[in-house]
Amino acid sequence: MNFLIENTDTIIFIMEIIGTIAFASSGALTAVRQRMDIFGVNVLGIITAVGGGCIRDLIIGRTPPVMFIRPIYALTALVTCNVIFILLYIKRNLLTTTTHLMTVYEKLMQLLDAIGLGIFTVTGISTGMDTPYSANLFLVVFLGVITGVGGGVLRDILAAQKPYILVKHVYACASLSGALVCALLWPLGSIPAMWLGAFSVIAIRILAMIFHWNLPRLKNME
């Protein structure tokens, strides 16, 4: 436990990179399926990976956003997008062929995405706690959620799709739940709060994927 606490910054950075790769992959694959060119693949992938953090920073007046001050995240997304584009360019039937490899890849991406969502949500909370508005629970939780899901919303809007978080699985709700856990437990210590908040998001996302949880919706409406 002491090791986790002492090395939390390093571990969070590594997990942020993992989440960045997962989110960039999601954006890049969406762009490929929408028949975008290599520029579009890179734009969509990078926006998916760093868009949420950029929105968060603009909301609290942090300019320029962290993505420009620490370009490691954008560069990681850029490399990820181009690797995916080159791979699919060489083997163009990879996405259309049902293979064990693709099944494993999709499951891995879902797991990495859940980890990324959890980590980005709590880092959004941490950012909010470092502002003069840390006592504003609504703002702090909103910052956590927008950091986690904002990039995906921008991706879907640019791809002319219904935002994923509004129609599929318990995604934004998982981020919201973890953000609340993290923010409410913050007075007990930032490190335990962030770990428990991230774990809450990841656990809910994984359970939702396993048991196919979805929120109630109205059907057959004209």
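Me: Taking helices (H or I, at least four residues) and strands (E, at least two) as DSSP runs numbered from the N terminus, in which helix is Phe13 found?

Reply: Phe13 belongs to helix α2, and Thr20 has its place in that helix too, which covers residues 8-33. This is a predicted model, in which local features need pLDDT of at least 70 and side-chain atom pairs count only at pLDDT 80 or more, whereas totals for chains, interfaces and linings use all residues. Residues are numbered from 1 along each chain as its sequence is written, and side-chain values use heavy atoms, with hydrogens and water left out.

Me: Is Thr20 buried or exposed?

Reply: The relative accessible area decides: under 20% is buried, over 50% exposed and in between partly exposed (1.4 Å probe, protein chains only). Thr20 is buried because its value is 1%, whereas Phe13, at 30%, is partly exposed.

Me: Which residues does Thr20 touch, not counting residues up to four places away in sequence?

Reply: A contact means heavy atoms within 4.5 Å. With residues up to four places away in sequence set aside, Thr20 touches Ala49, Tyr73, Thr76, Ala77 and Phe120, and Phe13, under that exclusion, touches Arg70, Ile72 and Tyr73.

Me: At what angle do helix α7 and helix α9 pack?

Reply: Two packed helices are described by the angle between their axes and by the distance between those axes. Here axes are lines fitted to C-alpha atoms, for helices over the stretch in contact, and angles run from 0 to 180 degrees between N-to-C directions. Helix α7 (residues 137-158) and helix α9 (residues 172-185) pack at about 135°, their axes lying 9 Å apart. That makes α7 oblique to α9, since angles under 35 degrees count as roughly parallel, over 145 as roughly antiparallel, 65 to 115 as roughly perpendicular and the rest as oblique. Among the residues making this contact are Val141, Gly144 and Val145 of α7 and Ser175, Leu176 and Ala179 of α9.

Me: How many residues of the contact of α7 with α9 are nonpolar, polar or charged?

Reply: Ala, Val, Leu, Ile, Met, Phe, Trp, Tyr, Cys and Pro count as nonpolar, Asp, Glu, Lys and Arg as charged, and the others, Gly among them, as polar. The contact of α7 with α9 holds 11 nonpolar residues, two polar and no charged. Helix α3 (residues 38-59) packs on α7 at about 145°, with the axes 7 Å apart, and the residues of that contact divide into 10 nonpolar, eight polar and two charged.
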